[in-house]
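Please keep the sequence and the model in view while reading.

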Amino acid sequence: MQDFTSDSNTQQSTVSLAFLRLSQKLQKFLDDITPFRTARWIGALVFILLFMIRIIMLQGWYIITYALGIYHLNLFIAFLTPKIDPAMDEFEDDSGPSLPTRANEEFRPFIRRLPEFKFWYSVIKSTLLSIFLTFFQFFDVPVFWPILVLYFIVLFCITMKRQIMHMIRYRYLPFTHSKPKYQGHDDSGKDEINENCLPIYWENLSVHAIIKKDRWLRSSITTRKLLLNKVEGYIPPCSLVAIMGPSGAGKSTLMAALANKLPAQIELEGSAKIGSLSVKNFESHNFGFMYQHDLFCGALTVKEHLYFMAKLKLDRRTTDKNLKARVSAIIEELGLGQCMNTRIGANGENGKITLSGGERKIVSFATELLTDPPFLFCDEPTTGLDSYSAQKVIKVMQRLVSDERKTVVCIIHQPSTELLNAFNQLILVADGRIAYSGPPNKAISFFESVGYRCPDNYNSADFIMKILSDSNKSVKTVCDEFAASKHAEIVKNAIANEIYFDTSSSSVLRNHLSPFWPVKLYHLTGRYLLEKVRNPTIDIHRFLQKVGIAIMVGLCYLGTVQQTQVGIQSVQGIFFMLITENFFTPMYSVMNQLPTQLPLFRREYTSGLYDAPTFYIANIISFIPTLIIEPTVFTTIIYCLASMQTDLYGYFLTVIITILVMAVSTSCGYMFNNIFGSLSLALTFVQPFDNVIMILSGIFINLRSVPWFLHWLVEISWFELGFEALTIIHWQNITYIACSEDPDVPCLMDGSEVLDKYEFKVANLMPHIYSMIWLYIGFHAVSFVCFVTRAHLNKLS
């Protein structure tokens with residue numbers, strides 16, 4: 001008996017825990033959507049509209065509709081009614097609060113009996129409940145609905161008249177108006193800035209790269225490569241820091257570890273903290289991370305790019321007005337006003353006015369500064385720039401540190417002495433260890449103390465790089481000497497002080513709500529469509545090629561489409577060309593196009609800008625115009641030149657089928673590309689697959705003779721599905737075909753005999769169209785799963 005009781009208690013606790021989790025998720029969702037008043041009410045109106053459409057279509061459940069209307073009316077009256085009824089003031093003194101009446105009076109807020117959010121929530125719940133009740137016949141009470149409508153109108157008018165008379169009598173309006181604006185003390189946000197200005201420090205930090213080598217039919221071999229070896233360091237609050245070192249020293253690894261940007265194949269040991277919190281507690285919006293190589297959508301202007309990035313980066317509670325103001329402020333602050341309407345462009349574009357290298361670096365700065373991060377990490381921001389452009393970039397960094405009190409950490413490659421001295425701190429990394437950390441102007445004296453003197457009139461940065469790149473012996477000597485120097489002692493004392501005083505970091509962890517998924521999808525799709533419009537070179541070439549082929553094919557079949565035995569071959573040849581041109585070219589085109597988009601996707605995906613499903617769906621949506629225009633124009637030209645059937649039904653079905661063939665071909669191209677992850681490997685397998693699909697089309701082989709184990713390939717051969725559908729459309733209504741005068745030539749008397757020759761059936765027309773739709777969905781579903789999985793595993797190439 002006790003066991004039974006304990007089991008029932010366990011079951012009850014499990015159920016209650018499940019309900020508790022559901023209620024918590026619901027409450028979180030309600031909390032998230034509370035600020036979006038307009039969107040909430042649009043959603044409520046959509047549900048009410050769906051309910052009304054269901055009632056009209058079912059022609060029943062009028063009593064439910066009447067009850068819902070009465071309930072909504074009561075909610076609306078409560079929404080318009082003040083929480084404290086002024087009628088009660090007639091029996092009380094006048095010392096209590098009063099309602100707002102005129103604009104020139106003292107501000108008095110209107111407090112509702114039913115708040116706006118509760119009003120909306122009650123409307124949503126009652127509407128969903130009403131929709132649910134319409135699925136039960138029990139609630140469909142027979143009633144003469146015009147009486148209910150008339151009664152509801154009368155009730156509505158009487159109730160609203162009473163409410164309006166109440167407002168007139170007691171002289172109030174059901175909303176808060178004329179609220180005065182007060183100018184508070186001008187603190188310029190200094191308190192907040194000081195709270196966000198925190199030190200960065202790390203100790204016993206080791207980083208290993210996990211290298212996994214797969215072997216055929218054998219277990220894989222895993223090795224670990226040491227990138228950083230128990231390093232420690234300290235970056236003061238609000239400082240400009242340079243990290244230098246030879247190639248492979250661990251500079252990028254150190255900065256990625258501090259910015260919490262290490263990839264999944266990297267293993268980190270030790271601690272890296274900002275204030276009292278580990279860097280792992282910080283999200284992407286807390287950091288600005290500027291990569292060494294600039295990747296942009298070249299079709300956008302500077303202003304369009306920043307607006308797009310702001311839409312995806314900023315908190316979703318940010319109004320459009322504030323968002324535009326933020327973009328304008330960044331443009332003005334960084335001096336991008338002269339080029340804000342200039343296209344960013346891509347490297348290697350000739351004959352077009354685009355941004356210079358220095359301007360592109362500053363645009364990268366601007367992109368990272370949109371979220372106003374307290375920490376900015378830059379990977380070689382001056383590489384590839386002339387001295388003037390590099391100096392301009394460093395001055396922007398200095399202004400960010402001095403005026404906005406940010407911490408800027410960047411990797412610098414062979415700067416001039418003047419450029420190096422512009423930094424507050426220099427960190428030298430060599431062979432995975434710290435070779436120096438301190439003021440840049442004291443680095444040369446440190447190297448002199450360990451036996452390496454810089455020649456006169458020699459660039460100090462070049463001298464340092466030469467010493468750290470010479471040999472393992474000199475690197476080991478410098479690192480060992482630094483570990484025992486007073487500079488290392490200063491770093492250790494600074495770290496010890498931070499640990500002891502436990503600096504608060506909670507103010508940096510701002511509550512950030514990422515934009516909703518449909519918002520990201522909308523803007524990403526818009527960017528791809530704009531890119532197609534402004535860079536139409538590839539699409540135009542492909543379109544002109546299609547037009548040229550269509551004209552040549554149409555001229556070849558000009559005057560040959562007749563209801564004769566010879567005309568049968570011409571018609572089938574036209575259908576073959578319609579299918580072939582929308583089968584191979586689109587498939588290989590998308591297979592070559594997708595890899596070109598992956599570098600920018602990987603950059604924005606790792607930055608947390610959007611996820612893999614959003615990218616994939618936006619890509620598919622942006623391809624829809626091409627998917628419709630190309631086959632429509634191609635089919636129309638051939639249709640007209642070859643003088644095919646003149647009825648609109650046959651023409652529109654022909655266009656639809658060619659569109660579906662092209663759609664399935666593109667989805668197949670996506671699928672092979674994402675399954676194999678390599679264009680060369682995908683082409684190796686897709687070519688024989690295409691040949692088999694084409695052979696099983698019914699043109700080169702009679703479908704009766706296909707072996708039973710290949711029947712499934714016939715079912716998925718959209719070449720066969722499209723070819724058979726086109727053949728059925730043309731020949732199903734042909735009742736007479738003239739025979740040849742040569743008695744040795746076989747004679748097909750009507751369209752049904754033509755269909756029998758190819759083993760085609762009229763009843764297969766619509767099933768084949770549906771099959772192509774399902775193939776399109778199925779190929780994309782497989783491709784979608786493979787792409788998202790590869791993106792998650794960081795295996796996109």
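The model is predicted: local features need pLDDT of at least 70, side-chain atom pairs count only at pLDDT 80 or more, and totals for chains, interfaces and linings use all residues. Residues are numbered from 1 along each chain as its sequence is written, and side-chain values use heavy atoms, with hydrogens and water left out.

**The sheet**

- An open sheet of mixed pairing is built from 6 strands in the order 6-7-8-3-9-10. Strands (E, at least two residues) and helices (H or I, at least four residues) are DSSP runs numbered from the N terminus, and two strands pair if DSSP finds at least two bridges between them.
- The edges are held by strand 6 (287-290) and strand 10 (433-438); each has a single partner strand, so one side of each is left without a neighbour in the sheet.
- From one strand to the next, the twist averages 15 degrees.
- Strand 3 (residues 240-244) and strand 8 (residues 407-411) run parallel and are joined by 4 bridges. Leu240 stands opposite Val408 in strand 8.
- Helix 10 (residues 357-369) packs on the sheet, where it touches strand 6 and strand 7 (375-379), and its direction makes about 160 degrees with that of strand 6. Contact means heavy atoms within 4.5 Å; axes are lines fitted to C-alpha atoms, for helices over the stretch in contact, and angles run from 0 to 180 degrees between N-to-C directions.

**The disulfide**

- The whole structure contains 1 disulfide, a term that stands for a pair of cysteine sulfur atoms within 2.5 Å.
- Cys739 and Cys747 are its partners, with an S to S distance of 1.6 Å.
- The disulfide is left-handed because the torsion about the S-S bond of Cys739 and Cys747 is about -60 degrees.
- Cys739 is partly exposed at 38% relative accessibility, and Cys747 is partly exposed at 27%. Buried means under 20% relative accessible area, exposed over 50%, and partly exposed in between (1.4 Å probe, protein chains only).

**Two helix residues**

- Val590 belongs to helix 20 (residues 584-606) and is buried, with a relative accessible area of 2%.
- Not counting residues up to four places away in sequence, Val590 touches Phe623, Thr666, Gly669, Tyr670 and Asn673. The C-alpha atoms of Val590 and Tyr670 are 6.8 Å apart, although 80 residues separate them along the chain.
- Ser667 lies in helix 22 (residues 648-676) and is buried at 0% relative accessible area.
- The side chain of Ser667 reaches the backbone oxygen of Val664 at 2.7 Å.
- With residues up to four places away in sequence left aside, Ser667 touches Leu775, Tyr776, Phe779 and His780.

**Aromatic pairs**

- Rings of Phe, Tyr and Trp (its six-membered ring) pair if their centres lie within 6.5 Å; planes under 30 degrees apart count as stacked, over 60 as edge-to-face and the rest as tilted. By this rule there are 36 aromatic pairs.
- Phe289 and Tyr291 have ring centres 4.9 Å apart and planes at 65 degrees, so the pair is edge-to-face. Phe289 is buried at 8% relative accessibility.
- The rings of Tyr528 and Phe615 also form an edge-to-face pair, because their planes stand at 75 degrees, with centres 6.1 Å apart.
- This pair links distant parts of the chain, 87 residues apart: Tyr528 is in helix 17 (residues 517-534) and Phe615 in helix 21 (residues 612-641).
- Ring pairs also link residues into a cluster whose members include Phe576, Phe583, Trp718 and Phe779.

Conventions. Polar contact = N/O pair within 3.5 Å; in protein donor to acceptor, adjacent residues only side chain to side chain.
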